[in-house]
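Student: I am new to this structure. Please take one part and walk me through it closely.

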Amino acid sequence: MSDFEKICHAVLDGEDELALAEAEQLLAAGKAPLTIINDGLIAAMSEVGRLFKEGDLFVPEVMMSAHTVAGVIEALRPHLGAEAANRGRIVIGTVKGDLHDIGKNLVALLLSSNGFTVIDLGNDVAPERFLQAAEEHRADIVGLSALLTTTMSNMRATIEAFVAAGRRDSVRIIIGGAPVTADYAAEIGADGYSEDATEAVELCRRLMEVGA
Ligand code: B12
(Lines give C-alpha, C1' and ligand atoms only; values in the text may rest on other atoms or scores of the structure.)
Protein backbone atom coordinates (compact mmCIF):
# COMPACT_ATOMS: atom_id res chain seq x y z
CA MET A 1 0.00 0.00 0.00
CA SER A 2 1.44 3.42 -0.96
CA ASP A 3 1.88 6.21 1.61
CA PHE A 4 -1.08 8.14 0.25
CA GLU A 5 -3.28 5.06 0.17
CA LYS A 6 -2.65 4.63 3.90
CA ILE A 7 -3.87 8.13 4.77
CA CYS A 8 -6.82 7.70 2.36
CA HIS A 9 -7.83 4.53 4.17
CA ALA A 10 -7.52 6.22 7.56
CA VAL A 11 -9.85 9.01 6.34
CA LEU A 12 -12.31 6.51 4.87
CA ASP A 13 -12.37 4.65 8.18
CA GLY A 14 -12.71 7.88 10.18
CA GLU A 15 -9.56 6.99 12.14
CA ASP A 16 -8.44 10.38 13.45
CA GLU A 17 -5.27 9.27 15.24
CA LEU A 18 -4.13 7.02 12.43
CA ALA A 19 -4.66 9.73 9.80
CA LEU A 20 -2.67 12.20 11.90
CA ALA A 21 0.13 9.67 12.32
CA GLU A 22 0.18 9.00 8.54
CA ALA A 23 0.29 12.74 7.85
CA GLU A 24 3.21 13.15 10.27
CA GLN A 25 5.04 10.28 8.57
CA LEU A 26 4.49 11.80 5.13
CA LEU A 27 5.80 15.16 6.38
CA ALA A 28 8.82 13.43 7.94
CA ALA A 29 9.44 11.68 4.59
CA GLY A 30 9.61 15.11 2.94
CA LYS A 31 6.19 15.26 1.27
CA ALA A 32 4.85 18.79 0.83
CA PRO A 33 1.75 19.65 2.89
CA LEU A 34 -0.07 20.63 -0.32
CA THR A 35 0.66 17.19 -1.81
CA ILE A 36 -0.71 15.56 1.33
CA ILE A 37 -3.86 17.68 0.98
CA ASN A 38 -4.33 16.89 -2.72
CA ASP A 39 -3.20 13.26 -2.91
CA GLY A 40 -4.31 12.30 0.58
CA LEU A 41 -7.25 14.30 1.89
CA ILE A 42 -9.00 15.41 -1.31
CA ALA A 43 -8.45 12.02 -2.94
CA ALA A 44 -9.97 10.35 0.12
CA MET A 45 -13.01 12.65 0.12
CA SER A 46 -13.59 11.91 -3.58
CA GLU A 47 -13.70 8.23 -2.71
CA VAL A 48 -16.01 8.96 0.24
CA GLY A 49 -18.26 10.85 -2.21
CA ARG A 50 -18.28 7.92 -4.64
CA LEU A 51 -19.14 5.40 -1.92
CA PHE A 52 -21.82 7.73 -0.48
CA LYS A 53 -23.40 8.14 -3.92
CA GLU A 54 -23.46 4.39 -4.45
CA GLY A 55 -25.08 3.83 -1.07
CA ASP A 56 -22.06 2.07 0.44
CA LEU A 57 -21.50 4.82 3.02
CA PHE A 58 -24.07 6.71 5.07
CA VAL A 59 -24.17 10.21 6.56
CA PRO A 60 -22.71 9.28 10.00
CA GLU A 61 -19.71 7.60 8.32
CA VAL A 62 -19.22 10.56 5.98
CA MET A 63 -19.29 12.84 9.04
CA MET A 64 -16.56 10.76 10.67
CA SER A 65 -14.37 11.06 7.57
CA ALA A 66 -15.01 14.81 7.48
CA HIS A 67 -13.96 15.03 11.14
CA THR A 68 -10.76 13.13 10.40
CA VAL A 69 -9.95 15.47 7.50
CA ALA A 70 -10.59 18.55 9.68
CA GLY A 71 -8.07 17.25 12.24
CA VAL A 72 -5.38 16.66 9.61
CA ILE A 73 -5.99 20.11 8.06
CA GLU A 74 -5.36 21.70 11.48
CA ALA A 75 -2.21 19.61 11.96
CA LEU A 76 -0.89 20.66 8.54
CA ARG A 77 -1.59 24.37 9.08
CA PRO A 78 1.73 25.22 10.82
CA HIS A 79 3.65 23.33 8.13
CA LEU A 80 2.25 25.46 5.33
CA GLY A 81 4.06 28.51 6.69
CA ALA A 82 2.70 32.01 6.31
CA GLU A 83 3.73 34.82 4.02
CA ALA A 84 4.27 38.03 5.91
CA ALA A 85 2.73 40.14 3.13
CA ASN A 86 -0.79 41.42 3.61
CA ARG A 87 -2.29 40.63 0.25
CA GLY A 88 -5.88 41.46 1.11
CA ARG A 89 -8.77 40.78 3.47
CA ILE A 90 -11.13 37.95 2.69
CA VAL A 91 -14.41 37.07 4.37
CA ILE A 92 -15.40 33.49 3.59
CA GLY A 93 -18.15 31.04 4.52
CA THR A 94 -20.55 28.43 3.21
CA VAL A 95 -23.88 29.88 2.20
CA LYS A 96 -27.10 29.58 4.16
CA GLY A 97 -28.28 25.99 4.53
CA ASP A 98 -24.95 24.44 3.59
CA LEU A 99 -22.94 22.48 6.15
CA HIS A 100 -20.19 21.25 3.79
CA ASP A 101 -17.12 23.09 5.01
CA ILE A 102 -14.10 20.95 4.06
CA GLY A 103 -13.53 22.69 0.72
CA LYS A 104 -14.11 26.13 2.21
CA ASN A 105 -11.66 25.31 5.03
CA LEU A 106 -9.00 24.31 2.49
CA VAL A 107 -9.52 27.53 0.54
CA ALA A 108 -9.26 29.53 3.79
CA LEU A 109 -6.12 27.62 4.81
CA LEU A 110 -4.29 28.19 1.52
CA LEU A 111 -5.31 31.84 1.36
CA SER A 112 -4.04 32.52 4.88
CA SER A 113 -0.79 30.68 4.23
CA ASN A 114 -0.34 32.82 1.11
CA GLY A 115 -0.49 36.16 2.88
CA PHE A 116 -4.22 36.94 2.88
CA THR A 117 -6.07 37.85 6.06
CA VAL A 118 -8.98 35.44 6.27
CA ILE A 119 -12.12 35.99 8.31
CA ASP A 120 -13.86 32.63 8.33
CA LEU A 121 -17.56 32.88 9.17
CA GLY A 122 -18.00 29.10 9.24
CA ASN A 123 -20.93 27.36 7.64
CA ASP A 124 -24.65 28.07 7.09
CA VAL A 125 -24.01 31.82 6.78
CA ALA A 126 -26.97 34.07 5.98
CA PRO A 127 -26.60 36.83 3.34
CA GLU A 128 -26.95 39.58 6.00
CA ARG A 129 -24.09 38.06 8.01
CA PHE A 130 -21.78 38.13 4.96
CA LEU A 131 -22.77 41.75 4.41
CA GLN A 132 -22.21 42.73 8.04
CA ALA A 133 -18.83 40.93 8.23
CA ALA A 134 -17.64 42.46 4.94
CA GLU A 135 -18.35 45.93 6.31
CA GLU A 136 -16.97 45.25 9.79
CA HIS A 137 -13.70 43.78 8.48
CA ARG A 138 -13.41 46.06 5.43
CA ALA A 139 -13.16 43.00 3.21
CA ASP A 140 -11.59 43.24 -0.24
CA ILE A 141 -13.07 39.91 -1.26
CA VAL A 142 -16.02 37.82 -0.10
CA GLY A 143 -15.83 34.06 -0.82
CA LEU A 144 -19.00 31.97 -0.97
CA SER A 145 -18.95 28.18 -0.92
CA ALA A 146 -21.81 25.78 -1.72
CA LEU A 147 -21.88 22.01 -2.25
CA LEU A 148 -25.59 21.48 -2.72
CA THR A 149 -27.58 22.34 -5.82
CA THR A 150 -30.32 23.42 -3.39
CA THR A 151 -28.09 25.97 -1.60
CA MET A 152 -26.41 27.42 -4.71
CA SER A 153 -29.32 29.83 -5.04
CA ASN A 154 -28.20 31.39 -1.74
CA MET A 155 -25.08 32.58 -3.56
CA ARG A 156 -27.32 34.66 -5.79
CA ALA A 157 -29.31 35.80 -2.73
CA THR A 158 -26.08 36.87 -1.01
CA ILE A 159 -24.93 38.89 -4.02
CA GLU A 160 -28.38 40.46 -4.23
CA ALA A 161 -28.12 41.46 -0.54
CA PHE A 162 -24.90 43.37 -1.33
CA VAL A 163 -26.59 45.05 -4.30
CA ALA A 164 -29.65 46.01 -2.21
CA ALA A 165 -27.41 47.51 0.50
CA GLY A 166 -25.50 49.57 -2.10
CA ARG A 167 -22.31 47.67 -1.20
CA ARG A 168 -21.78 45.59 -4.35
CA ASP A 169 -19.12 47.91 -5.83
CA SER A 170 -16.99 47.92 -2.67
CA VAL A 171 -16.10 44.20 -2.67
CA ARG A 172 -15.23 41.43 -5.11
CA ILE A 173 -17.39 38.34 -4.64
CA ILE A 174 -16.02 34.93 -5.63
CA ILE A 175 -17.74 31.58 -5.53
CA GLY A 176 -16.79 27.90 -5.49
CA GLY A 177 -17.89 24.39 -4.58
CA ALA A 178 -18.42 21.17 -6.54
CA PRO A 179 -21.69 22.08 -8.32
CA VAL A 180 -20.58 25.64 -9.15
CA THR A 181 -19.28 26.61 -12.60
CA ALA A 182 -17.77 29.68 -14.24
CA ASP A 183 -21.01 30.07 -16.21
CA TYR A 184 -23.02 30.11 -12.99
CA ALA A 185 -20.66 32.71 -11.55
CA ALA A 186 -21.22 34.91 -14.59
CA GLU A 187 -24.99 34.33 -14.45
CA ILE A 188 -25.33 35.53 -10.85
CA GLY A 189 -22.89 38.43 -11.26
CA ALA A 190 -19.97 37.06 -9.20
CA ASP A 191 -16.50 38.42 -9.91
CA GLY A 192 -14.83 35.04 -10.13
CA TYR A 193 -14.94 31.30 -9.68
CA SER A 194 -12.28 28.68 -9.13
CA GLU A 195 -12.32 24.93 -9.20
CA ASP A 196 -9.96 24.30 -6.30
CA ALA A 197 -8.10 25.93 -3.43
CA THR A 198 -4.83 26.49 -5.31
CA GLU A 199 -6.68 28.26 -8.11
CA ALA A 200 -8.60 30.28 -5.51
CA VAL A 201 -5.30 31.78 -4.32
CA GLU A 202 -4.40 32.76 -7.90
CA LEU A 203 -7.87 34.19 -8.45
CA CYS A 204 -7.63 36.34 -5.31
CA ARG A 205 -4.14 37.54 -6.29
CA ARG A 206 -5.44 38.58 -9.71
CA LEU A 207 -8.45 40.36 -8.24
CA MET A 208 -6.25 42.28 -5.80
CA GLU A 209 -3.94 43.36 -8.65
CA VAL A 210 -6.86 44.56 -10.75
CA GLY A 211 -8.30 46.38 -7.73
CA ALA A 212 -5.00 48.06 -6.81
C1 B12 B 1 -18.46 15.29 3.24
C2 B12 B 1 -19.87 15.38 2.70
C3 B12 B 1 -20.91 15.62 3.61
C4 B12 B 1 -20.66 15.89 5.10
C5 B12 B 1 -20.12 17.34 5.26
C6 B12 B 1 -19.18 17.48 6.45
C7 B12 B 1 -18.35 18.74 6.40
N8 B12 B 1 -17.97 19.18 7.56
O9 B12 B 1 -18.09 19.30 5.33
C10 B12 B 1 -22.09 15.68 5.71
C11 B12 B 1 -22.23 14.24 6.19
C12 B12 B 1 -22.48 16.62 6.86
C13 B12 B 1 -22.96 15.86 4.47
C14 B12 B 1 -24.31 16.14 4.56
C15 B12 B 1 -25.14 16.22 3.45
N16 B12 B 1 -24.83 15.97 2.18
CO17 B12 B 1 -22.99 15.77 1.58
N18 B12 B 1 -21.37 15.28 0.85
C19 B12 B 1 -20.13 15.19 1.31
C20 B12 B 1 -19.15 14.70 0.21
C21 B12 B 1 -19.00 13.19 0.39
C22 B12 B 1 -17.77 15.31 0.17
C23 B12 B 1 -17.72 16.85 0.07
C24 B12 B 1 -16.27 17.27 0.28
O25 B12 B 1 -15.85 17.54 1.40
N26 B12 B 1 -15.48 17.28 -0.79
C27 B12 B 1 -14.02 17.56 -0.73
C28 B12 B 1 -13.72 19.06 -0.86
C29 B12 B 1 -12.20 19.27 -0.75
O30 B12 B 1 -14.12 19.46 -2.16
P31 B12 B 1 -15.07 20.75 -2.41
O32 B12 B 1 -15.96 20.95 -1.26
O33 B12 B 1 -15.65 20.63 -3.77
O34 B12 B 1 -14.04 21.99 -2.37
C35 B12 B 1 -13.07 22.32 -3.36
C36 B12 B 1 -13.60 23.16 -4.53
O37 B12 B 1 -14.96 22.97 -4.79
C38 B12 B 1 -13.22 24.57 -4.20
N39 B12 B 1 -14.10 25.40 -3.36
C40 B12 B 1 -14.95 25.03 -2.38
N41 B12 B 1 -15.51 26.09 -1.81
C42 B12 B 1 -15.01 27.18 -2.41
C43 B12 B 1 -15.26 28.54 -2.19
C44 B12 B 1 -14.62 29.49 -2.97
C45 B12 B 1 -14.88 30.92 -2.74
C46 B12 B 1 -13.73 29.06 -4.01
C47 B12 B 1 -13.09 30.08 -4.86
C48 B12 B 1 -13.47 27.70 -4.21
C49 B12 B 1 -14.11 26.78 -3.41
O50 B12 B 1 -11.99 24.40 -3.51
C51 B12 B 1 -12.09 23.26 -2.65
C52 B12 B 1 -10.73 22.67 -2.35
O53 B12 B 1 -10.05 22.27 -3.50
C54 B12 B 1 -19.95 15.08 -1.09
C55 B12 B 1 -19.63 14.25 -2.33
C56 B12 B 1 -18.79 14.97 -3.36
N57 B12 B 1 -18.41 14.25 -4.36
O58 B12 B 1 -18.54 16.17 -3.29
C59 B12 B 1 -21.40 14.93 -0.62
C60 B12 B 1 -22.56 15.76 -1.27
C61 B12 B 1 -22.09 17.17 -1.54
N62 B12 B 1 -23.59 15.75 -0.24
C63 B12 B 1 -24.74 15.61 -0.75
C64 B12 B 1 -25.93 15.56 0.03
C65 B12 B 1 -27.20 15.21 -0.74
C66 B12 B 1 -25.94 15.78 1.41
C67 B12 B 1 -27.15 15.79 2.35
C68 B12 B 1 -28.42 16.46 1.80
C69 B12 B 1 -27.37 14.32 2.74
C70 B12 B 1 -28.54 14.03 3.64
N71 B12 B 1 -29.41 13.21 3.12
O72 B12 B 1 -28.64 14.53 4.72
C73 B12 B 1 -26.60 16.54 3.59
C74 B12 B 1 -26.84 18.06 3.52
C75 B12 B 1 -26.27 18.80 4.71
C76 B12 B 1 -26.29 20.31 4.51
N77 B12 B 1 -27.38 20.96 4.85
O78 B12 B 1 -25.33 20.86 4.02
C79 B12 B 1 -24.73 15.50 -2.27
C80 B12 B 1 -25.18 16.80 -2.95
C81 B12 B 1 -26.04 16.53 -4.16
C82 B12 B 1 -26.54 17.78 -4.78
N83 B12 B 1 -26.68 17.71 -6.06
O84 B12 B 1 -26.83 18.78 -4.18
C85 B12 B 1 -23.23 15.08 -2.55
C86 B12 B 1 -22.67 15.56 -3.92
C87 B12 B 1 -23.19 13.54 -2.45
C88 B12 B 1 -23.99 12.85 -3.55
N89 B12 B 1 -23.37 12.44 -4.62
O90 B12 B 1 -25.17 12.67 -3.43
N91 B12 B 1 -22.26 15.70 3.34
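Tutor: Begin with two words. A residue is called buried when its relative accessible area is under 20%, and exposed when that area is over 50%. Keep in mind that this is a predicted model.

The part to look at is helix H2. H2 covers residues 16–28, which makes 13 residues. Check its length. A helix is expected to span 1.5 Å times one less than its number of residues. For H2 that gives 18 Å, and its end C-alpha atoms are 18 Å apart, so the two agree.

Now ask which residues of H2 are buried. They are Ala19, Glu22, Ala23, Leu26 and Leu27. Look down the axis of H2: these buried residues fall within an arc of 140°, so they line one face of the helix. Turn to the other side of H2. There, Glu17, Gln25 and Ala28 are exposed.

What covers the buried residues of H2? The cover includes three helices: H1 (3–12), H3 (33–53) and H4 (59–76).

Ala23 lies in H2. Its relative accessible area is 2%. The cut-off for buried is under 20%, so Ala23 counts as buried. Set aside its neighbours within four places in sequence. Ala23 is then in contact with Ile7, Ile36 and Val72. Ile7 falls in the range of H1, Ile36 in that of H3 and Val72 in that of H4. Ala23 and Ala75 are 52 residues apart along the chain, yet their C-alpha atoms are separated by 8.4 Å.

Follow the chain past the end of the helix. Just after H2 comes Gly30, with a positive phi of about 90°.

Last, a glance at another part of the model, the ligand. Its cobalt atom has a single donor from the protein: His100, through NE2, 2.3 Å away. His100 sits in the loop between strand E1 (88–94) and helix H5 (102–113). In total, 35 residues surround the ligand. The closest are Leu99, His100, Asp101, Ser145 and Thr149. Asp101 places a polar side-chain atom 2.7 Å from a nitrogen atom of the ligand. Thr149 has a backbone N or O atom 2.9 Å from a ligand oxygen atom. For Gly177, a backbone N or O atom lies 3.4 Å from an oxygen atom of the ligand.

Back to H2 to close: one face is lined by its buried residues, while Glu17, Gln25 and Ala28 are exposed on the other side.

Technical notes:
Residues numbered from 1 in each chain as written. Predicted model: local features only at pLDDT ≥ 70, side-chain atom pairs only at ≥ 80, totals over all residues. Heavy atoms only, no water. Helix = DSSP H or I, 4+ residues; strand = E, 2+ residues; numbered from the N terminus. Buried < 20%, exposed > 50% of the residue type's maximum accessible area, 1.4 Å probe, protein only. Arc of directions from axis to C-beta. Contact = heavy atoms within 4.5 Å. Donors = N, O, S within 2.8 Å, 3.2 Å for Na, K, Ca; no water. Near = heavy atom within 4 Å. Polar contact = N/O pair within 3.5 Å; in protein donor to acceptor, adjacent residues only side chain to side chain.
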